[in-house]
Amino acid sequence: MDLYFSCSLTGGRRDQPAYAALVAHLQALGHCVLTAHLASESVAAADGGLAPEAVFERDTAWLRGCDAVIAEVSTPSHGVGFEIAYALERGKPVLCLAREGVRVSKMLTGIRRSGFSFQPYATLEEALTRVGGFLAEPGR
Ligand SMILES: O=c1[nH]c(=O)n([C@H]2C[C@H](O)[C@@H](COP(=O)(O)O)O2)cc1CO
(Lines give C-alpha, C1' and ligand atoms only; values in the text may rest on other atoms or scores of the structure.)
Protein backbone atom coordinates (compact mmCIF):
# COMPACT_ATOMS: atom_id res chain seq x y z
CA MET A 1 0.00 0.00 0.00
CA ASP A 2 1.01 3.62 -0.42
CA LEU A 3 0.94 4.99 3.13
CA TYR A 4 1.13 8.54 4.40
CA PHE A 5 2.91 8.57 7.76
CA SER A 6 2.12 11.74 9.67
CA CYS A 7 4.07 12.98 12.71
CA SER A 8 5.12 16.14 14.48
CA LEU A 9 7.94 18.21 13.04
CA THR A 10 7.53 21.82 14.13
CA GLY A 11 5.47 20.64 17.11
CA GLY A 12 8.50 18.87 18.65
CA ARG A 13 10.61 15.77 18.01
CA ARG A 14 10.48 14.04 21.36
CA ASP A 15 8.80 10.98 19.82
CA GLN A 16 11.18 10.64 16.87
CA PRO A 17 12.41 7.16 17.96
CA ALA A 18 8.82 5.90 17.78
CA TYR A 19 8.37 7.50 14.31
CA ALA A 20 11.51 5.73 13.10
CA ALA A 21 10.36 2.36 14.47
CA LEU A 22 6.91 2.73 12.91
CA VAL A 23 8.25 3.69 9.48
CA ALA A 24 10.84 0.89 9.53
CA HIS A 25 8.09 -1.59 10.43
CA LEU A 26 5.81 -0.40 7.62
CA GLN A 27 8.64 -0.64 5.11
CA ALA A 28 9.61 -4.11 6.37
CA LEU A 29 6.01 -5.19 5.70
CA GLY A 30 6.55 -4.11 2.08
CA HIS A 31 4.58 -0.86 2.11
CA CYS A 32 5.65 2.34 0.39
CA VAL A 33 5.85 5.10 3.00
CA LEU A 34 5.52 8.34 1.04
CA THR A 35 6.72 10.44 3.98
CA ALA A 36 9.51 8.18 5.29
CA HIS A 37 11.84 11.21 5.51
CA LEU A 38 9.73 12.55 8.41
CA ALA A 39 11.15 9.83 10.66
CA SER A 40 14.75 10.99 10.21
CA GLU A 41 16.76 11.69 13.32
CA SER A 42 17.81 15.10 11.98
CA VAL A 43 15.05 17.71 11.67
CA ALA A 44 16.84 19.17 8.65
CA ALA A 45 16.54 15.84 6.82
CA ALA A 46 12.91 15.45 7.91
CA ASP A 47 11.95 18.92 6.73
CA GLY A 48 14.09 19.02 3.60
CA GLY A 49 14.38 22.82 3.52
CA LEU A 50 11.45 23.20 1.10
CA ALA A 51 9.33 26.35 0.82
CA PRO A 52 6.00 26.16 2.71
CA GLU A 53 4.02 26.22 -0.55
CA ALA A 54 6.01 23.29 -1.92
CA VAL A 55 5.46 21.30 1.28
CA PHE A 56 1.72 22.01 1.21
CA GLU A 57 1.27 21.06 -2.46
CA ARG A 58 3.42 17.94 -2.21
CA ASP A 59 1.85 16.68 1.01
CA THR A 60 -1.76 17.31 0.02
CA ALA A 61 -1.11 15.52 -3.30
CA TRP A 62 0.32 12.55 -1.38
CA LEU A 63 -2.69 12.58 0.95
CA ARG A 64 -5.09 12.51 -2.01
CA GLY A 65 -3.16 9.66 -3.61
CA CYS A 66 -2.42 7.46 -0.61
CA ASP A 67 -4.29 4.32 0.44
CA ALA A 68 -4.25 5.13 4.16
CA VAL A 69 -2.81 7.49 6.78
CA ILE A 70 -1.00 6.47 9.96
CA ALA A 71 -0.49 9.38 12.35
CA GLU A 72 1.57 9.35 15.54
CA VAL A 73 -0.15 12.06 17.59
CA SER A 74 1.58 11.91 21.00
CA THR A 75 3.25 15.28 20.32
CA PRO A 76 0.65 17.92 19.36
CA SER A 77 1.22 19.34 15.86
CA HIS A 78 -0.75 21.77 13.67
CA GLY A 79 0.38 19.94 10.54
CA VAL A 80 -0.67 16.51 11.77
CA GLY A 81 -4.12 17.76 12.80
CA PHE A 82 -4.59 19.34 9.39
CA GLU A 83 -3.46 16.19 7.58
CA ILE A 84 -5.85 13.99 9.54
CA ALA A 85 -8.81 16.25 8.73
CA TYR A 86 -7.80 16.54 5.07
CA ALA A 87 -7.52 12.76 4.71
CA LEU A 88 -10.77 12.04 6.57
CA GLU A 89 -12.74 14.44 4.39
CA ARG A 90 -11.48 12.51 1.36
CA GLY A 91 -12.56 9.15 2.77
CA LYS A 92 -9.06 7.87 3.53
CA PRO A 93 -8.68 5.32 6.33
CA VAL A 94 -6.80 6.95 9.24
CA LEU A 95 -5.11 5.34 12.24
CA CYS A 96 -4.03 7.67 15.07
CA LEU A 97 -1.56 6.28 17.56
CA ALA A 98 -0.66 7.93 20.89
CA ARG A 99 1.45 6.92 23.85
CA GLU A 100 -0.77 5.88 26.73
CA GLY A 101 -1.24 8.73 29.18
CA VAL A 102 -0.57 11.69 26.86
CA ARG A 103 -3.32 14.27 26.54
CA VAL A 104 -4.84 14.29 23.06
CA SER A 105 -7.35 16.79 21.69
CA LYS A 106 -11.01 15.81 21.84
CA MET A 107 -11.12 16.84 18.18
CA LEU A 108 -9.28 13.57 17.57
CA THR A 109 -10.52 11.33 20.37
CA GLY A 110 -14.11 12.37 19.59
CA ILE A 111 -14.09 11.28 15.94
CA ARG A 112 -16.64 8.55 15.24
CA ARG A 113 -16.34 7.85 11.53
CA SER A 114 -15.92 4.53 9.78
CA GLY A 115 -12.34 4.18 8.66
CA PHE A 116 -11.02 6.24 11.58
CA SER A 117 -9.40 4.67 14.58
CA PHE A 118 -7.69 6.25 17.61
CA GLN A 119 -5.52 3.81 19.56
CA PRO A 120 -3.32 4.43 22.60
CA TYR A 121 -0.28 2.18 23.04
CA ALA A 122 1.76 1.27 26.12
CA THR A 123 4.82 -0.07 24.31
CA LEU A 124 6.27 0.22 20.83
CA GLU A 125 5.53 -3.45 20.26
CA GLU A 126 1.88 -2.71 20.99
CA ALA A 127 1.93 0.18 18.52
CA LEU A 128 3.31 -2.12 15.82
CA THR A 129 0.63 -4.70 16.56
CA ARG A 130 -2.05 -2.03 16.24
CA VAL A 131 -0.62 -0.98 12.89
CA GLY A 132 -0.86 -4.60 11.71
CA GLY A 133 -4.50 -4.81 12.75
CA PHE A 134 -5.33 -1.54 11.00
CA LEU A 135 -3.61 -2.54 7.75
CA ALA A 136 -5.43 -5.88 7.71
CA GLU A 137 -8.75 -4.00 7.55
CA PRO A 138 -8.03 -0.31 6.81
CA GLY A 139 -11.57 0.72 5.93
CA ARG A 140 -13.18 -0.64 9.10
O1 LIG B 1 8.73 20.77 6.46
C2 LIG B 1 7.67 20.16 6.65
N3 LIG B 1 7.35 19.09 5.88
C4 LIG B 1 6.20 18.39 6.04
O5 LIG B 1 5.98 17.45 5.28
N6 LIG B 1 5.32 18.73 7.06
C7 LIG B 1 4.08 17.94 7.26
C8 LIG B 1 4.33 16.47 7.48
C9 LIG B 1 4.07 16.21 8.95
O10 LIG B 1 3.19 15.08 9.08
C11 LIG B 1 3.40 17.48 9.46
C12 LIG B 1 4.13 18.10 10.62
O13 LIG B 1 3.55 19.34 10.93
P14 LIG B 1 4.21 20.37 11.98
O15 LIG B 1 5.41 20.89 11.31
O16 LIG B 1 3.12 21.42 12.20
O17 LIG B 1 4.53 19.60 13.24
O18 LIG B 1 3.38 18.41 8.39
C19 LIG B 1 5.59 19.79 7.86
C20 LIG B 1 6.74 20.52 7.67
C21 LIG B 1 7.10 21.68 8.56
O22 LIG B 1 5.97 22.38 9.00
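This is a predicted model: local features need pLDDT of at least 70, side-chain atom pairs count only at pLDDT 80 or more; totals for chains, interfaces and linings use all residues.
Modeller: Residues are numbered from 1 along each chain as its sequence is written.

Biologist: Why is H1 called oblique to H6?

Modeller: Helix H1 (residues 16-28) and helix H6 (residues 124-136) pack at about 40 degrees, their axes 10 Å apart. Angles under 35 degrees count as roughly parallel, over 145 as roughly antiparallel, 65 to 115 as roughly perpendicular and the rest as oblique, so H1 is oblique to H6.

Biologist: Which residues meet there?

Modeller: From H1 come Ala18, Ala21, Leu22, His25 and Leu26, and from H6 Leu124, Ala127, Leu128 and Val131; contact needs C-beta atoms, placed from the backbone, within 7 Å. They divide into eight nonpolar, one polar and no charged.

Biologist: What makes strand E4 largely enclosed by the rest of the structure?

Modeller: A residue is buried if 20 or more other C-beta atoms lie within 10 Å of its own. Five of the six residues of E4 (residues 94-99) are buried, so the strand is largely enclosed.

Biologist: How do you know that E4 pairs with E3?

Modeller: Pairing takes at least two DSSP bridges between strands. E3 (residues 68-72) and E4 have four, in the parallel sense, with Val69 opposite Val94. Six bridges also join E4 to E5, again parallel, and Ala98 has Pro120 in E5 as its bridge partner.

Definitions and conventions. Axes are lines fitted to C-alpha atoms, for helices over the stretch in contact, and angles run from 0 to 180 degrees between N-to-C directions. Helices (H or I, at least four residues) and strands (E, at least two) are DSSP runs, numbered from the N terminus. Two residues are in contact if their C-beta atoms, placed from the backbone, lie within 7 Å. Ala, Val, Leu, Ile, Met, Phe, Trp, Tyr, Cys and Pro count as nonpolar, Asp, Glu, Lys and Arg as charged, and the others, Gly among them, as polar. A residue is buried if 20 or more other C-beta atoms lie within 10 Å of its own, exposed if 12 or fewer, and partly exposed in between; C-beta atoms are placed from the backbone.
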